[in-house]
Amino acid sequence: MASHYEAPIRRPLVIGDKSYHDVTVDVAAPVEGKANKQWWIVFSIALAAFLWGIGCIIYTISTGIGVWGLNTTVNWAWDITNFVWWVGIGHAGTLISAVLLLFRQKWRMAINRSAEAMTIFSVIQAGLFPIIHMGRPWLAYWVLPIPNQFGSLWVNFNSPLLWDVFAISTYLSVSLVFWWTGLLPDFAMIRDRAITPFTKRVYSILSFGWSGRAKDWQRFEEVSLVLAGLATPLVLSVHTIVSFDFATSVIPGWHTTIFPPYFVAGAIFSGFAMVNTLLIIMRKVSHLEDYITIQHIELMNIVIMITGSIVGVAYITELFIAWYSGVEYEQYAFLNRATGPYWWAYWAMMTCNVFSPQFMWFPKLRRSIMFSFLISIVVNIGMWFERFVIIVTSLHRDYLPSSWTMFSPTFVDIGIFIGTIGFFFVLFLLYSRTFPVIAQAEVKSILKGSGSKYKKLRAEHGDDAKHYSMPEGMATPISEVKTPDTVNVDAMVDDGDDKEKVNELLSNIGTFDPNTQTADDLKKISGVGPVMEQKLHQMGIYTFEQVSRMSDREYDLLDSITGEFPGRAKRDDWAGQAEQLKNS
């Protein structure tokens, strides 16, 4: 009877006939090897933009906020537009990872790490703008309810601006813990592969003593689910609170109850677009095309298409409510957006956010890498214009025509914004050279079910395990051996070099004969869980007697075959444990 069935219509999530060891090598390569030419080109451009932004920030602080283009009427302008834009981008990262984890979506495995990192780096950029906008950034701590040199000065807890401080800082904290927790197995993998003592020491500290024991994995999964459960409502609440900055005012165009769901949908929309941009860049720069596949890009495009449609409905709803309310101020605010001095910004917003995602209805276009990259950039341009339209066009013409004025950004405004984009990519590119950008342990967990190699085997031979080829030197086909129920019989060792390693391993520790021997419960060995026991069975290791004969050479062979957590068997002394279990 088949132990597993997967609908043939599903395409593989990992292509290239990868083995477990291949996954480890490919994920570790960007961290362990030297940066390639593509990485240096992108990094140089990002660094130049970042340094330009640093110069503009220094000029602003040394000269004053007057170097910006804002004025008495449009006192919230370019900087707050950028703040809301970056907060929106940051929201989708943790949401993608958390929601897809809660719904057990396998395609999450290749993209969650980049999405979570995007959240951290985006929120850092967002936090820069309110601090600079204060004019005296060295007094930024005044927004926190703490004692200061002027006595007991407390902030106004009724202000949505203060809600922003708490909501965004809470979201950043949860996202940071969620991201770091997911990195622990990968830090341990780099630690175990490290050659220099310094590198090993650094990644030992970063991995918090991860050993890969069953207890570690149990706690890892429990903590990940709890953090995902916390992060998901936070995603909804944080941008809802950001929308309250506008919705609780009485300014026409802002005073509307649709802002909370509208802002949340827009944040997810822009965030997914930025994740798509990063994934397309990373798959090329880090040579991860076999893990970040066309299918991943297509699924992201489908989400962009859906959320873009939701944003379009929100735009139409705003127009309808302005007309239906009969309030002339509201009606003029929207008429001014579409036909006033900033009409070009309004129609750029509509074109980028409502019309461009509709191209994703065509399968050929949403599977095109270049077209997807173009649309992801266009969407984020459109979402920036959305924030610009909401803020500037609602402020530059309000109730008093005598105070109407225009806003134009200066080179300092533009320079700081470009600088934050450069800073974001500098952080992301440095992260890609230091931390694994693919969750290798999670990718390995879906390799047997979603790897192209194993899908080909099932397509050729069906689900019956007895058809799979066996490594030479194994005494009896696995299909004929009575093994524990935890064994996944359609998971075989790889061909080629793995066969030779299995042969050498079995020649050293002995083979298993089901006619004269009984299989032991290898899970009694500390460090051997159901998955590892299954892999040992695949190699023909079924008894404590075989495990007890392992020495350093056999441990090395075992690590190279499984490709997971090198050194674990030696650290846990499997041979010594097996010797005691054998004699008990």
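Me: What makes Arg337 count as lying over the face of Phe334?
Reply: Arg337 lies over the face of Phe334 at 4.7 Å from the ring centre. The rule asks for NZ of Lys or CZ of Arg within 6 Å of the ring centre and within 35 degrees of the ring normal. Likewise, the charged end of Arg433 sits over the ring of Trp39, 5.9 Å from its centre. A word on the source: this is a predicted model, where local features need pLDDT of at least 70 and side-chain atom pairs count only at pLDDT 80 or more, while totals for chains, interfaces and linings use all residues. Residues are numbered from 1 along each chain as its sequence is written, and side-chain values use heavy atoms, with hydrogens and water left out.

Me: Why is the pair of Phe121 and Trp179 called edge-to-face?
Reply: Rings of Phe, Tyr and Trp (its six-membered ring) pair if their centres lie within 6.5 Å; planes under 30 degrees apart are stacked, over 60 edge-to-face, and the rest tilted. For Phe121 and Trp179 the centres are 6.2 Å apart and the planes are at 75°, so the pair is edge-to-face. Phe121 is in helix H4 and Trp179 in helix H5 (residues 160-193), 58 residues apart. Helices here are DSSP runs of H or I with at least four residues, numbered from the N terminus.

Me: And why is the pair of Tyr332 and Trp404 called stacked?
Reply: The ring centres of Tyr332 and Trp404 are 5.9 Å apart and the planes are at 10°, so this pair is stacked. Tyr332 belongs to helix H10 (residues 328-339), and Trp404 to the loop between helix H13 (369-395) and H14, 72 residues apart.

Me: What makes Tyr332 partly exposed?
Reply: Buried means under 20% relative accessible area, exposed over 50%, and partly exposed in between (1.4 Å probe, protein chains only). Tyr332 has 31% relative accessibility, so Tyr332 counts as partly exposed. Trp404, with a relative accessible area of 32%, is partly exposed too.

Me: How do you know that Arg113 is buried?
Reply: Arg113 has 1% relative accessibility, so Arg113 counts as buried. Arg113 is found in helix H4. Leaving aside neighbours within four places in sequence, the contacts of Arg113 (heavy atoms within 4.5 Å) include Trp179, Asp186 and Tyr431.

Methods. Helix = DSSP H or I, 4+ residues; strand = E, 2+ residues; numbered from the N terminus.
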